[in-house]
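Let's walk through this structure together, from the whole chain down to one residue and then to the space inside.

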Amino acid sequence: MYWRLSNLYFWFFALLGGLLPYWSLYLQGQGFSYLQIATLMASIQLTKIVAPSLWGHLGDKTGQRVRLVRFGAVTGSLLFAGVFLEPGFYGLLLVMLAFTFFWNAILPLYEVITLRSLGEQRDKYGKVRLWGSVGFIGAVAGVGLLLEWISIEWLPWLLLPVFLGVAASAFLLPAEQGERKPPAPKGSLRAIVTHPAVVAFFLMNFLLQVSHGAYYTFFSIHLEQHGYGNLAIGLLWSLGVVSEIGLFLVMHRLTRYFTVRHIVMGALALTMIRWILIAELTDVLPVLLFAQLLHAASYGALHAVSVQYVQGFFGRHHHGQGQALYSGLTFGAGGALGAWLSGFLVDGFSTSAAFWGGAVAMAIAMLITARWLQAPPGPSAEPLSSS
């Protein structure tokens with residue numbers, strides 16, 4: 001069971017590792033403008049606004065999450081093949097929207113499958129999810145190395161074996177019995193999402209993903225403009241994920257000494273520093289390496305806290321909907337808006353200006369967090385200090 005569950009995480013994040021760092025370079029090589037690149041990259045996040053909620057609702061209603069994961073994996077792979085038709089900007093935008101609509105259904109459904117499969121052994125989730133990070137690092141480094149020898153135009157072909165790995169691993173999952181969740185109390189979800197602390201939580205994460213827009217859209221182009229090659233770009237992306245893994249391994253120790261607010265405020269401040277360093281000191285390699293290590297704060301710490309936050313506030317009746325809202329409103333809406341706005345900043349000024357925009361978003365997020373964010377109810381949300 002451990003290897004069956006780990007397998008899909010490995011291939012899913014391997015695809016992201018081959019896609020995210022290099023897709024903007026591929027689009028640049030196809031002759032698209034910065035605004036067009038930003039729009040196409042935003043489409044990856046845009047469908048997260050709708051897809052997780054829709055597919056999560058279908059999963060809850062039918063109980064057939066494994067079948068939906070298989071359907072999403074196969075259909076998404078087939079739709080991505082439209083890239084090989086070289087359809088132009090609007091055609092490629094349609095292909096990306098269609099592909100990611102099914103693709104973004106997989107992970108939220110799979111998270112539920114994994115936690116249910118582990119049952120009482122949920123403490124092993126980190127070891128299972130770890131293989132996603134391994135897949136990402138392997139793909140980033142491997143594709144970067146290959147692109148040192150072949151043209152970026154071959155990137156879609158390099159991704160094909162990974163698509164096959166995702167589809168194959170989806171069919172290795174054990175079948176479900178189709179259990180449906182019990183009905184929730186009426187009006188309970190509305191009471192949760194209108195709670196001031198929950199609103200602050202979503203606003204903070206929305207701004208966090210807005211700030212990442214420049215990173216996920218233009219970081220590779222920014223590095224290329226400063227003289228870094230494809231392999232170096234891949235290794236720098238990998239370093240960020242390595243730091244994320246390290247954070248996950250020690251996160252339980254941090255929560256013994258710091259509250260949720262302390263962790264969030266510290267992580268937001270470090271994220272702001274990270275964007276400023278990338279904007280101004282990319283040419284100084286030791287500083288850039290340090291900035292990439294701060295990915296442990298800007299993604300690792302904040303995501304770990306957020307997963308607990310959703311579970312604590314939304315409870316068992318609304319956990320799936322809470323996860324869908326977290327994915328849709330933050331990674332989806334925030335990520336898409338951040339990518340799009342960064343395109344205007346790059347087109348009008350420079351890639352450095354886009355990272356400064358991310359730093360401003362973090363400053364606003366810190367103000368919101370300091371004023372309104374509270375720890376969620378439940379044991380996981382008690383002041384996390386043992387002293």
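A residue counts as buried under 20% relative accessible area, as exposed over 50% and as partly exposed in between, using a 1.4 Å probe and protein chains only. By that rule, 52% of the 387 residues of the protein chain are buried. This is a predicted model, where local features need pLDDT of at least 70, side-chain atom pairs count only at pLDDT 80 or more, and totals for chains, interfaces and linings use all residues. Residues are numbered from 1 along each chain as its sequence is written, and side-chain values use heavy atoms, with hydrogens and water left out.

The protein chain has 16 helices and zero strands; both are DSSP runs numbered from the N terminus, helices being H or I of at least four residues and strands E of at least two.

Now look at Gln45, in helix α2 (residues 34-46). Gln45 has a relative accessible area of 11%, so it is buried. Beyond its neighbours within four places in sequence, Gln45 is in contact (heavy atoms within 4.5 Å) with Phe331, Gly332, Gly335 and Ala336.

On a 1 Å grid over the protein atoms alone, a cavity is a set of points where a 1.4 Å probe fits but cannot get out, and lining residues have an atom within 4 Å of a point. Grid points are joined across faces, edges and corners, and a volume is the space filled by probe spheres set on the points. The largest cavity has a volume of about 690 Å³. It is lined by 34 residues, with Phe13, Leu16, Lys48, Leu107 and Tyr299 closest to its centre. Helix α15 gives the most to this lining, with seven residues.

Technical notes:
1 Å grid on protein atoms, 1.4 Å probe; cavity = no way out; pocket = protein on both sides within 12 Å on 5 of 7 lines; lining within 4 Å.
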